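Here are a few friendly notes to read alongside the structure.

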Amino acid sequence: MLTRNCLSLLLWVLFDGGLLTPLQPQPQQTLATEPRENVIHLPRQQSHFHRVKRGWVWNQFFVLEEYMGSEPQYVGKLHSDLDKGEGTVKYTLSGDGAGTVFTIDETTGDIHAIRSLDREEKPFYTLRAQAVDIETRKPLEPESEFIIKVQDINDNEPKFLDGPYIANVPEMSPVGAYVLQVKATDADDPTYGNSARVVYSILQGQPYFSIDPKTGVIRTALPNMDREVKEQYQVLIQAKDMGGQLGGLAGTTIVNITLTDVNDNPPRFPKSIFHLKVPESSPVGSAIGRIRAVDPDFGQNAEIEYNIVPGDGGNLFDIVTDEDTQEGVIKLKKPLDFETKKAYTFKVEASNVHLDHRFHSAGPFKDTATVKISVLDVDEPPVFSKPLYTMEVYEDTPVGTIIGAVTAQDLDVGSSAVRYLIDWKSDGDSYFTIDATEGTIATNELLDRESTAQYNFSIIASKVSNPLLTSRVNILINVLDVNEFPPEISVPYETAVCENAKPGQIIQIVSAADRDLSPAGQQFSFKLSPEAAIKPNFTVRDFRNNTAGIETRRNGYSRRQQELYFLPVVIEDSSYPVQSSTNTMTIRVCRCDSDGTILSCNVEAIFLPVGLSTGALIAILLCIVILLVVLYVALRRQKKKDTLMTSKEDIRDNVIHYDDEGGGEEDTQAFDIGALRNPKVIEDNKIRRDIKPDSLCLPRQRPPVEDNTDIRDFINQRLQENDGDPTAPPYDSLATYAYEGNGSVADSLSSIESPTTEADQEYSYLTDWGPRFKVLADMFGEEESYNPDKVT
């Protein structure tokens, strides 16, 4: 109680001269002899300003937080100088917590806290106090404001709001290397006492790490901590308030510390010698084995590079690093052969890719091991002596001629005999054969270079001991040319010479071609044939470059004397045996101008015999024209006659029969005789004369009248005409003739009844029949005047 009164006295001194005007204190109260109560004197209203003596006053109270007493906690007292103790003054309280947290005695002015307070929830309360007259309800003093502060007690422990922590520190770090800084927070009042003063310490994690008690900085405490020995550390940190004194509250957190890797370890082979076995049939580039060096480091610090140390045996192999497993993969660079070498020995070096120069003093960061490779024997197919065989053979070589041989050997330890055969897929026509034992290749057909100049096929070799083991080689056979074709002029030339040509002129340049495969440097020679070299009109000049020129030997040529010249040219080649041919060139004489330009090479000379004059030629042409005109007129007359005969002789539509021999007008089945006379109908319905016609359905005919001489004569005449007709078919045919009969007053007009041919008939009597037959008489009279048979 004494301590609290001393504290109150100190507060009075510090906060003296507050908002309230003090009254005269009671002189009998001495701070030294008895406790002083917390009293706030309310200011009195003054009508005049005068100086009054100040007493001990303040404008704030203090109340302990977390008060657990059974009675309300006394806070302080309000008092007015106008209060004489007679009960006429009433005290009121308003503001934060008035009535709910704090209460006031209206008569005495005592203030109490009616519930426990928490400074961390609300550190102070602002209230207003006033004294009023009970009777008049009027204020005796102006309203005054004061503060009630909640006095802190140590009721909150330090807390690590960011925990737990994760930290990394490189391995092999020196002592005192910074790791992490932790921080604890205390909710107590840091301005009052030591409740919020925190001190840090390590409860777990020594002797590897240390912590600064004030700042919370964690550092390494041991040198050369090795990640490969221990990588993870868990450190327990404590924060205690009250400066770490006894009775203070504490909080803890965990810090997980990981040692990060540095390249402080070189790679090491777990053994000094590695043994590998490799079949000799392993293909080039294949992986034949793996070796591995161990590096306890991590990540890129553990990346290893492998190299073969130069020396005997290492040139056949190569080594690369598998990035996933960090193993050294040994690969084959060249083929292996058990029969040549059965074992290889070389050294392999492993080193780190990323080096840390801080640790070079510990020694080189690499290691070496020996690799021994044993080659295993494998039963292999035969091996040909060459990868490709090229042979040559002349065309037309006799069948069975040997043109070359292939050789294959079994290189295994226990060698086996080899057999040969031609792959039928590559030589389907069987132009060649091979001896199965000796491997000699011979022709099986006559070869023609002009048909096929090159053959390409495969030969298969197999082991007798194991026929399934085969090898294959390509054979290329070139067919050599034999000079069997003579050279010839390459293209036909249209050669012409001017009539006014001079001797020594080149009128044509010719070249030669040979169907044989001409070797390089072959030359063709050109010359005249021996029979043409005697007094030649033309000669051949050989230019010695496989071409020649046709040269004139005369001064002028005449088309009248000779239009065409035939020049035999002999061409020889230079191959063996020499082949030659005679090629005849046709040279035409043409009319040219003075510059040598050809004006005409027409065919008029063909019709001009030697010595024929121009007048004779004109007479011949005139006779030809006259013959053509006569022929044209005759054809026109023949055409006109055919038209007239067709219209005159086809009298079906013009003549009506009234006799009783036929069916009359109702006889529609009568035979149409017009088909025998109308040329157009004959042409439209003509039947092939070179084949036998089908049997014809002949129309119904009446039997002829007996003893009718006209019909008999008519039929006999037609039979003679058919027998003598050169255009008649070669087989028997049937000719049908119709007879119109008698009954007409004018007799029959048909030519069938006429005793003579049309050419011999007389039609003059038609004029006696009257004017109705005048037109008919004129028509037959004209026909009589024009008789084609007489013209012929």
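**Cysteine pairing and strands**

1. With the bonded cysteines of the protein chain numbered in sequence order, the pairing is 1-3, 2-4. The whole structure holds two disulfides (cysteine sulfur atoms within 2.5 Å). This is a predicted model: local features need pLDDT of at least 70, side-chain atom pairs count only at pLDDT 80 or more, and totals for chains, interfaces and linings use all residues. Residues are numbered from 1 along each chain as its sequence is written, and side-chain values use heavy atoms, leaving out hydrogens and water.

2. C498 and C592 are joined with an S to S distance of 2.1 Å. Their link is left-handed, at -85 degrees about the S-S bond. C498 sits in strand β33 and C592 in strand β39, so the pair ties together parts 94 residues apart in sequence (strands are DSSP runs of E, at least two residues, numbered from the N terminus). Both C498 and C592 are buried (under 20% relative accessible area; exposed is over 50%, partly exposed in between; 1.4 Å probe, protein chains only).

3. The other disulfide, C590 to C601, has an S to S distance of 1.5 Å. Its torsion about the S-S bond is about 125 degrees, so this disulfide is right-handed. C590 is buried at 0% relative accessibility, whereas C601 is partly exposed at 28%.

4. Now look at strand β8: strand β2 runs parallel to β8, joined by five bridges, with F61 partnering I148. Strand β7 pairs with β8 in the antiparallel sense over six bridges (pairing needs at least two DSSP bridges).

Definitions and conventions:
Helix = DSSP H or I, 4+ residues; strand = E, 2+ residues; numbered from the N terminus.
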